[in-house]
Amino acid sequence: MSELVSTRIRTTAGKLGLPHLAEALNPYAQRADEAKMGYLDFLDLVLSEELAVRDDRRFRQGLRLSKLPHHKTLADYDFSFQPDLDPRKVKDLATLSFVETKANAALLGPPGVGKTHIAVALAVAACRAGYSIYFTSLDDMVRNLTAAEAAGRLTSKLGTYLRPSVLVVDEVGYQPLERAEAKISKRYEKGSIILTSNKTFSEWGQVFGDEVLATAILDRLLHHCDVISINGPSYRLKNRIVAIERDTQVA
């Protein structure tokens with residue numbers, strides 16, 4: 001490929017918003033030459049690589065805006081430490097069929113069993129698949145909405161929690177709330193919620209301080225919802241015990 005043609009293609013690629021093609025043109029041309037690609041195969045290569053770069057850029061940007069506490073995946077989750085948890089149920093959720101149908105997922109269990117890890121892993125998978133995601137604790141969400149309402153910005157702030165395809169609501173029930181207005185229910189059949197809670201659904205009246213309100217929220221939340229209960233030992237306690245034993249051996 002002549003330098004003149006290369007320059008013209010790079011210029012055109014830049015104008016079309018294909019920066020990766022402009023940067024990687026020579027390696028692409030070399031691969032095509034070595035593989036004796038036809039014109040259509042070469043075009044397929046270039047477009048596929050450009051799309052992959054864009055998807056990766058979108059994925060990284062989505063994670064950056066998501067407020068996720070970490071980016072762990074299901075591959076990082078030790079299912080062997082929770083023998084009562086059926087990995088197939090979690091992996092079924094990882095197919096994201098519930099996100100496609102704008103349904104919900106609830107992960108219930110005591111502190112430390114890995115509920116947040118699984119919720120985050122599902123959110124990361126959704127982001128990789130092209131869905132917008134956002135993470136918040138219920139306490140933070142209610143506090144932010146209350147402050148926004150007092151400042152006359154409630155409608156704008158609600159969009160933070162209503163726009164994403166997947167909203168992860170962590171730690172439902174860790175702190176009692178005097179009255180959490182049922183903002184979460186506005187997502188009903190408009191987008192998916194993944195929530196974690198250390199309370200059973202029968203205890204949600206205590207969490208929200210209002211049995212009627214809790215019933216109304218649960219009615220919408222559970223209409224289309226996959227529920228997974230994790231009742232095994234605490235990962236955090238396990239890691240703490242390992243650390244103590246290691247320090248004892250060193251001493």
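Colleague: Over how many bridges do strand 3 and strand 4 (residues 192-197) pair?

Modeller: This is a predicted model, where local features need pLDDT of at least 70, side-chain atom pairs count only at pLDDT 80 or more, and totals for chains, interfaces and linings use all residues. Residues are numbered from 1 along each chain as its sequence is written, and side-chain values use heavy atoms, leaving out hydrogens and water. Strands are DSSP runs (E, at least two residues; helices are H or I, at least four) numbered from the N terminus, and two of them pair if DSSP finds at least two bridges. Strand 3 and strand 4 pair in the parallel sense, and the number of bridges is five.

Colleague: Which residue of strand 4 does Val 168 stand opposite?

Modeller: Strand 3 covers residues 166-172, and strand 4 covers residues 192-197. The residue in strand 4 that stands opposite Val 168 is Ile 194.

Colleague: In what order do the five strands form the open sheet?

Modeller: The pairing is parallel in this sheet. At the edges, strand 2 (133-137) and strand 5 (225-229) each pair on one side only. From one strand to the next, the twist averages 15°. Reading across the sheet, the order is 2-3-4-1-5.

Colleague: What angle does the direction of helix 6 (residues 115-128) make with that of strand 4?

Modeller: Helix 6 packs on the sheet and touches strand 1 (104-108), strand 2, strand 3 and strand 4, where contact means heavy atoms within 4.5 Å. Axes are lines fitted to C-alpha atoms (for helices, over the stretch in contact), and angles between N-to-C directions run from 0 to 180 degrees. With strand 4, helix 6 makes an angle of about 165°.

Colleague: How are helix 7 and helix 8 turned to each other, roughly parallel or roughly antiparallel?

Modeller: The axes of helix 7 (residues 138-150) and helix 8 (residues 154-162) come within 8 Å and cross at roughly 160°. Angles under 35 degrees count as roughly parallel, over 145 as roughly antiparallel, 65 to 115 as roughly perpendicular and the rest as oblique. So helix 7 and helix 8 are roughly antiparallel.

Colleague: How are helix 2 and helix 3 set, oblique or roughly parallel to each other?

Modeller: Helix 2 (residues 19-34) packs with helix 3 at about 140°, and their axes are 10 Å apart. Among the residues that meet there are Tyr 28 and Ala 29 in helix 2 and Phe 42 and Leu 45 in helix 3. Helix 2 and helix 3 are therefore oblique.

Colleague: What is the phi of Lys 67, roughly?

Modeller: Most residues other than glycine have a negative phi. Lys 67 sits in the loop between helix 3 (39-65) and helix 4 (87-93), and Lys 67 is exposed, at 53% relative accessible area. Although Lys 67 is not a glycine, its phi is positive, at about 65°.

Colleague: Where is Glu 171, which has a positive phi near 65°?

Modeller: Glu 171 is another residue other than glycine with a positive phi. At 38% relative accessibility, Glu 171 counts as partly exposed. Its place is in strand 3.

Terms used. Buried < 20%, exposed > 50% of the residue type's maximum accessible area, 1.4 Å probe, protein only.
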